[in-house]
Structures are given as C-alpha cells and as structure tokens.
Amino acid sequence: MIVVAGESLIDLVPQGDGVPLPALLPRLGGGPYNTAVALGRLGTSVGFCSRVSTDGFGDALLDGLHAAGVSTSLVQRGPEPTTLAVATIGADGSAHYGFYTQGSADRLFELPPQLPDSVRAVAFGACSLVLEPGASAYEALLRREAGRGVFTLLDPNIRAGLIPDADAYRARFAGWLPSVSLLKLSEDDAEWLGGVPQGPGAVVLTAGSEGLTVRTRSGLEVSVPAVPVAVADTIGAGDTVNAALLHGLAARDALTADAMAALDADGWREVLHFAARASAVTCSRTGAEPPYASELV
C-alpha cells in the first residue's frame, strides 16, 4: 500500500466566463486528497491519512475516496468544519486560491501509531505542512516513517498566502529534505523556495506546457515534453503527477532508495511520459478529475 498524508477540502470552482460574480461549484479537493484519488483510479493500493470533518462536506470527501478504492482506515474524524478553497481561474487555465481554514478539521490531525509494515511509500505536502498544529504532526510522521526506511514523496505545493513567515518556512523545508526520497516541485515552487534543492534521491520539476524533468542524486537528468491538450483548468494537475510518479515507480519495484537510484534514463523517461499523459487528462476536465487506468492504455 501507498499512503497519502495531508488535507482534504472543498474547492469552490467558478462557473461561467466573464461573469462578475460567477456561481461556485463545490468540488472534492485538496492536494493530498487528489493524489490519493488519482492513485486509486490508477489501480494502486492506497490509503488516506488525515482528519476529516463529520459535516456533509466531510462525508462527501469520504464517499469520493471510497469510490476510488482508497482505504480510509487511517482517517481521523472530527466535528470541526471542512476547509474551503475558492478558486480563481486565469485565462490560461491556471488556478489561484483563497483559503478558509480557521478551526477546520484537517488542522487538528494527530500523529497516528506506526503505519503498517505493508506500507511501501508515504506522500506528503501542500497546506497540511503549513497549518498548525497539524503541520507538526505531519512533519513528525514524515521523519518517523523515513527513519524506518519507508519511501517518501514530498510536494510542497506552495501557497504563499498561507505562509506567514517565508524565511521560517524555507528553513523548515530544508530540514525536511534529509527525510525525502522523491521531491516534486513546480517551477513556481522552485522560484519561491530560491531554486531546486539538493538532497533527495531525485527531484522532479514540472514546467506546465514545457513538460517535466527529473534530476537524480547521481547526476542523471531526463526531460519529457508535455502532452498537448485543450486546458479546462489546471486544478489537480500536479497532484496527478504525484500519483503517476508513485504508480510508475511501484510498477518498476522502484519504491526504495536503492531501486530508484538504479533506474536508468529509459526507465525515468517512461515514468515521466506516463505522468505527462495522466496530468494532461486532468487538465482537460474542470476541477480535480484525475484519469482512470483505462484512459491511459
């Protein structure tokens, strides 16, 4: 099993171009949530580790996980409200967000007992590593599982508006890197962080329509182009890349530090092409709607 740890929320996505106050369509979302759903749709054994509200939105989020085949045995529940994210869609389909997080359920996540021995990898990222007190619990989970040899993926998915002290966050981020097997960054993330860091076994950099590049600790660098598509919006595209990378590495028995280090240029090229295809499907649809395995055959 692969476990995805982090927040779930409701994206409020505007409907209708050029309307001053467009209707907002609620869609299931949150970076880690989208990654878990994408892994489930690809056919990977996956579990979600988070705290989810007992309100109606929280019930809908759990229903979405179950529909994708995602295990919820590691999900904590609480009466606090579900986080809301109001999306603004640019002319190029890019999404920007305003977050309503005060007192929400996912902020109160608590460190769970050691994950089952069947867990091969854990993915982290996004708002869950920013918003306290849950952020410290997710950080502790990252360090603990990495310390016992579990493969880890980190996608910081920077939301600058949620980070009150940028320098403090950058220092904290640098402290996570020794516990990270695979780092995924967008170009915007890398720019905000001050460059592409060293340390993880591999770093995958996404550049939108310019494609994806991986740089490994051994010095290997491989790039693939993006798959051309009519973009509806980019919501969930990076989360789909996370899922596709983990799915592709798992298919090659490369979810260990040594096995990933042994992956050659052709192997990485196949993994990146798969991620590019999967994210293109997500971009072709409104909201975070990652593809099923049957759509990528």
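Which strands does helix α2 lie across, and at about what angle does helix α2 run to β3? In this predicted model, local features need pLDDT of at least 70 and side-chain atom pairs count only at pLDDT 80 or more, whereas totals for chains, interfaces and linings use all residues. Residues are numbered from 1 along each chain as its sequence is written, and side-chain values use heavy atoms, with hydrogens and water left out.

Helix α2, formed by residues 56-67, lies across β2, β3 and β6 and runs at about 55° to β3. Helices (H or I, at least four residues) and strands (E, at least two) are DSSP runs numbered from the N terminus; contact means heavy atoms within 4.5 Å. Axes are lines fitted to C-alpha atoms, for helices over the stretch in contact, and angles run from 0 to 180 degrees between N-to-C directions.

An open sheet of 4 strands has the order β3-β2-β6-β7, with mixed pairing. Two strands pair if DSSP finds at least two bridges between them. At the edges stand β3 (23-29) and β7 (95-100), each pairing on one side only. From one strand to the next, the twist averages 30°. Strands β2 (residues 9-15) and β6 (residues 84-89) run parallel and are joined by 3 bridges; Asp11 stands opposite Ala85 in β6.

Elsewhere, β12 (residues 212-216) and β13 run antiparallel, joined by 4 bridges. Leu212 has Val224 in β13 as its bridge partner. The hairpin of these strands has 4 residues between them, and Gly219 takes a positive phi near 105°.
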